[in-house]
Amino acid sequence: MVQTEKLSFGYTRTQRLFEKLDISLLPGNIYGLLGKNGAGKTTLLRIIAGLTFPRSGSCTVFGNESSHRLPGVLQDIYMIPEEYSLPPIRIGTYVSLNAPFYGRFDHEKLKWLLEEFQLTSNNKLHQLSYGQKKKFLLAFGLSTNARLLLMDEPTNGLDIPSKSQFRRVIAASLTEEQILVISTHQVRDLENLIDPIIIIDEGEIIFNQSLDSITTHLTFEPVKEGVRALYAEEGFSGYSGILPNTSGKTTRLDMELLFNGVVSNAKEINQVFEN
Amino acid sequence: METNNIFSTHRLYLLIRRQVFSNGKSLLIALGGVSGFLLIISVLVAYFNPSALIGLTALYFTCMFIGGYIFTSNIFNEMHQIQKSYSFLTLPVSINERLAAAWLLTGILFPIVSLLIMAAIVLLANLIMNLTVDMAPFQSVFSPTSLKLIKIYVITQSLFLLGAVYFRKNNFLKTLLALIVVSLVLNIYTGLVGWALFGSLNSEGMHIDGNNISPAMNQLFTDYIPNMARFVFNYLTLPFFLVTTWFGLKERQV
């Protein structure tokens, strides 16, 4: 379990990015951490991974302060950052040098994932494209069997087939004891994968709900002009809106619409969940 | 099984192996380049001016000191580059192991390898000398002076280890600059203290020597202070800089 309590953080003493942030992440979930650029998604992932320390409050990962960077805890954390640089060695060499640090590393799983991503142990890491490097890191990260996986914009740089491959692999690889946190601003890429959804804006968590709860409380449907919706935006085929679900029917969740709606009208949308 | 969060020799071995093989190529190129240069110089000297061969030991050790300081300054490079730091800092190893791996590589293994390379170069140069000039005595790098120099290297490289953690870019040059500034400040300070204590004597045309200062003061300057300085250098410098490097590693963030 990952828990932050009254976590405050700022890159300078005067400007606070997070102020008394409380959040709990439980095993068996794929959390979607959504937010605009600069909202604090990457910083939150870094704090959870122990790469950045909170100014006050705490961030515990499986019961230990993440900032202590204990080997026993780090064995259970694997982070795939948005920007990375890999050494100029072959995949096989990288694996033989890094895998032994992870006690539960599954070489069979890695073999399967590399095949799935059309990579081989002989591939030189520095000669791979950005997307291929990302696939390799994903394969390596999933094979560590770490209980906490943190991915920062994992679909950036992936082509369209690779994005669906990414969703398929994630869904097939994760176990009930693992927590996956995916930070992204490309919400459409991860539809049907992430649950619950956490939306972060200006250092605050402004929305944190499961898919089930969202579709129970809200509907996403075309709306006519003049109809009062919690949020509506104009598309090619008219207006789409978010409405309180008063009829009990379930509509397909439009992640982008929800994100835009929450960012512009979080107060009213959150009130629907309180009722 | 419970993970040892403080120190594991297995993880230390894995970390050293990772460090060596991840940067193996550039390490080998640098070591090969310097060794090749020294070998050519030594062979030429052995052939044309055999009597000057003994003087080359100073050049070998100068190369070892400078090379070792540069190697030490770059040992934590992975940690300072934002695109690489995440993999270094989230690697499941303790701070003790990070420090021990860096110190063993740069402070212990490096001088041992350097000494072995020097011995090989000297051996080769001696062989050439014996083939060309009949009289050549065998010279070795394994002497008490060499061991003393190695000890000085092990102690002084700890300063560069701290610089490797503390500075994010151009670590070697910045550490060197910091050392120059600190020694300048210390020299100015001791100069000022000396002037404050004995400046008036000088204006009266007197010179300080063993005849015009008290025996206690004489003992302080000739015995206590040099002994204390030797003690600080031999026994306190290395632990002090290793401890400060440990804290630097502990506090390092992305």
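# Chatting through a two-chain model

Me: Let's start with chain B. How many helices and strands are there in chain B?
Reply: This is a predicted model, and in it chain B has 9 helices and 0 strands. Read along the sequence, the pattern is α-α-α-α-α-α-α-α-α.

Me: Is chain B spread out or compact?
Reply: Chain B is more spread out than a compact globule, because its radius of gyration is 23 Å, well over the 18 Å that the globule rule gives for 254 residues.

Me: What box do its C-alpha atoms fill?
Reply: Roughly 70 × 60 × 35 Å for chain B, taken along the principal axes.

Me: And chain A, how many helices and strands there?
Reply: Chain A has 8 helices and 13 strands. Its radius of gyration is 20 Å, close to the 19 Å from the globule rule for 275 residues, so chain A is as compact as a globular protein of that length. The C-alpha trace of chain A spans about 65 × 45 × 30 Å along its principal axes.

Me: OK, burial. What percentage of residues is buried in chain A?
Reply: For chain A, 56% of the 275 residues count as buried. For chain B, buried residues make up 37% of the 254.

Me: What about the surface, how much of it comes from carbon and sulfur atoms?
Reply: Chain B exposes about 14,700 Å², and carbon and sulfur atoms supply 72% of that. Chain A exposes about 12,300 Å², with carbon and sulfur atoms supplying 46%.

Me: Where do the charges sit, then? How far apart are the positive and negative ones?
Reply: In chain B there are 14 positive and 8 negative charges, and their mean positions are 16 Å apart. Chain A has 27 positive and 31 negative side chains, and the centres of those two sets lie 6 Å apart.

Me: Switching topic: aromatic rings. How many aromatic pairs are there?
Reply: There are 23 aromatic pairs over all chains. Take Tyr69(B) and Phe160(B): their ring centres are 4.2 Å apart and their planes are at 10°, so the pair is stacked.

Me: Which helices hold those two?
Reply: Tyr69(B) lies in helix α3 (residues 56–73) of chain B and Phe160(B) in helix α7 (residues 144–166), so the pair ties together parts that are 91 residues apart in sequence.

Me: Is Tyr69(B) buried or exposed?
Reply: Tyr69(B) counts as buried, at 12% relative accessibility. Phe160(B) is buried as well, with a relative accessible area of 3%.

Me: What comes just after α1(A)?
Reply: Gly50(A), which takes a positive phi of about 85°.

Me: Which residues other than glycine have a positive phi?
Reply: Lys6(A) is one of them, with phi near 50°, and Lys20(A) has a positive phi of about 50°. They're worth a look because most residues other than glycine have a negative phi.

Me: Where are those two lysines in chain A?
Reply: Lys6(A) lies in strand β1 (residues 2–9), and Lys20(A) is in strand β2 (residues 18–25). Lys6(A) is exposed, at 55% relative accessible area, and Lys20(A) is exposed at 56%.

Me: Last one: where is the cis peptide bond?
Reply: It joins Asp195(A) and Pro196(A), with omega about 5°. Pro196(A) lies in the loop between β8 (179–184) and β9 (197–201) of chain A.

Note on methods: Residues numbered from 1 in each chain as written. Chains lettered and ligands numbered in written order. Predicted model: local features only at pLDDT ≥ 70, side-chain atom pairs only at ≥ 80, totals over all residues. Heavy atoms only, no water. Helix = DSSP H or I, 4+ residues; strand = E, 2+ residues; numbered from the N terminus. Rg over C-alpha atoms; globule rule 2.2 N^0.38 Å. Buried < 20%, exposed > 50% of the residue type's maximum accessible area, 1.4 Å probe, protein only. Areas by Shrake-Rupley, 256 points an atom, 1.4 Å probe, with all protein chains shown as cover. Lys, Arg positive; Asp, Glu negative; His and termini not counted. Charge placed at Lys NZ, Arg CZ, Asp CG, Glu CD. Phe/Tyr/Trp six-rings, centres within 6.5 Å; stacked < 30°, edge-to-face > 60°.
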